[in-house]
Amino acid sequence: MIAPHSVIRWTDSLLLGVEFVDHDHRHAVDAINHLAALAVEGGDLTADAEAFRDHCAEHFAREEAMMTRTAFFGLEPHRDEHQRVLAELDGIILRLKAGEDCRDYFTEALPQWFLEHRATMDFVTADFARERGWTGPG
Ligand SMILES: [Fe+2]
Ligand SMILES: [Fe+2]
């Protein structure tokens, strides 16, 4: 039974086979579901959005370090997308602080972005790292 506010259901089908990536993604899904629930309830999203932004910055840095160490061919576009979404989150946080209603971002755009990013850039990156015998941190 999925709670009514859970927008992403974590299943093994979301695993990518790189331990730190899967661990971070599990955390991200919990955080995104929490943000979506808060948005539906009309709660203050600012602090949790800032915590999620910080988690993303740390996770993206870990993925980028893996891409560098495995000489991943798609490092630049993947890193560019990480920077784009961090800037997007910064913009949303500013809008929240200004009292704007950003609920749709947390109930629709952000979960959709996570699922697409995991299924495309992160999928290819993790697959490449595993083929290269990645045994790095996590
Ligand atoms: Fe990721
Ligand atoms: Fe990524």
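This report describes the helices, the metal site, the cysteines and selected residues of a predicted model.

## Basis of the description

Residues are counted from 1 along each chain as its sequence is written, while chains are lettered from A and ligands numbered from 1 in the order in which they are written. Because the model is predicted, local features need pLDDT of at least 70, side-chain atom pairs count only at pLDDT 80 or more, and totals for chains, interfaces and linings use all residues; side-chain values rest on heavy atoms, with hydrogens and water left out.

## Helix α1 and its surroundings

Helices here are DSSP runs (H or I, at least four residues; strands are E runs of at least two), numbered from the N terminus. Helix α1 covers residues 19-41, which amounts to 23 residues. From its first C-alpha to its last, α1 reaches 33 Å, close to the 33 Å expected at 1.5 Å a residue; the expected span is 1.5 Å times one less than the number of residues. Just after α1, G42 adopts a positive phi of about 80°.

The segment before α1 contains W10. With a relative accessibility of 18%, W10 counts as buried, a term for residues under 20% relative accessible area, whereas exposed means over 50% and partly exposed lies in between (1.4 Å probe, protein chains only). W10 and R26 are 16 residues apart along the chain, and their C-alpha atoms are separated by 7.2 Å.

## Packing of the helices

How do α1 and α2 pack against each other? Their angle is about 160° and their axes are 10 Å apart. Axes are lines fitted to C-alpha atoms, for helices over the stretch in contact, and angles run from 0 to 180 degrees between N-to-C directions. The two helices, α1 and α2, are therefore roughly antiparallel to each other. Under 35 degrees an angle counts as roughly parallel, over 145 as roughly antiparallel, 65 to 115 as roughly perpendicular, and the rest as oblique.

Helix α4 (residues 103-131) packs with helix α2 (residues 46-69) at an angle of about 15°, their axes lying 12 Å apart. This pair, α2 and α4, is therefore roughly parallel, and its crossing is left-handed. For α3 and α4 the angle is about 165° and the axes are 11 Å apart. That makes α3 roughly antiparallel to α4. α3 also passes α4 in a left-handed crossing.

## The iron site

Which residues coordinate the iron ion (ligand 2)? Its donors come from E63 (OE), H78 (NE2), H82 (NE2), H117 (NE2) and D122 (OD), at 2.1 to 2.2 Å. Donors are N, O and S atoms within 2.8 Å of the metal (3.2 Å for Na, K and Ca), and water is not among the atoms, so sites may look incomplete. Along the chain, the donors of the iron ion (ligand 2) follow the spacing E-x14-H-x3-H-x34-H-x4-D.

A distance of 3.6 Å separates the iron ion (ligand 2) from the iron ion (ligand 1), and E63 coordinates both. Among the coordinating residues, H117 is buried, with a relative accessible area of 5%. D122 is likewise buried, with a relative accessible area of 3%.

Helix α2 includes A49, which counts as buried at 2% relative accessibility. A49 and F20 are 29 residues apart in sequence and 22 Å apart in space, C-alpha to C-alpha. H55 also has its place in helix α2 and counts as buried at 9% relative accessibility. Between the C-alpha atoms of H55 and E100, 45 residues apart along the chain, the separation is 23 Å.

A71 is placed in the loop between α2 and α3 (75-97). Most residues other than glycine have a negative phi. A71, however, has a positive phi, near 55°. A71 is exposed, with a relative accessible area of 52%.

## Cysteines

How many disulfides does a search of the whole structure find? The search finds zero, a disulfide being a pair of cysteine sulfur atoms within 2.5 Å. The sulfur of C56 has its closest cysteine sulfur in C102, 16 Å away, which is too far for a bond. Both cysteines count as buried: C56 has 4% relative accessibility, and C102 has 4%.

Methods:
A crossing is left-handed if the near helix is turned anticlockwise from the far one by less than a right angle, and right-handed if clockwise.
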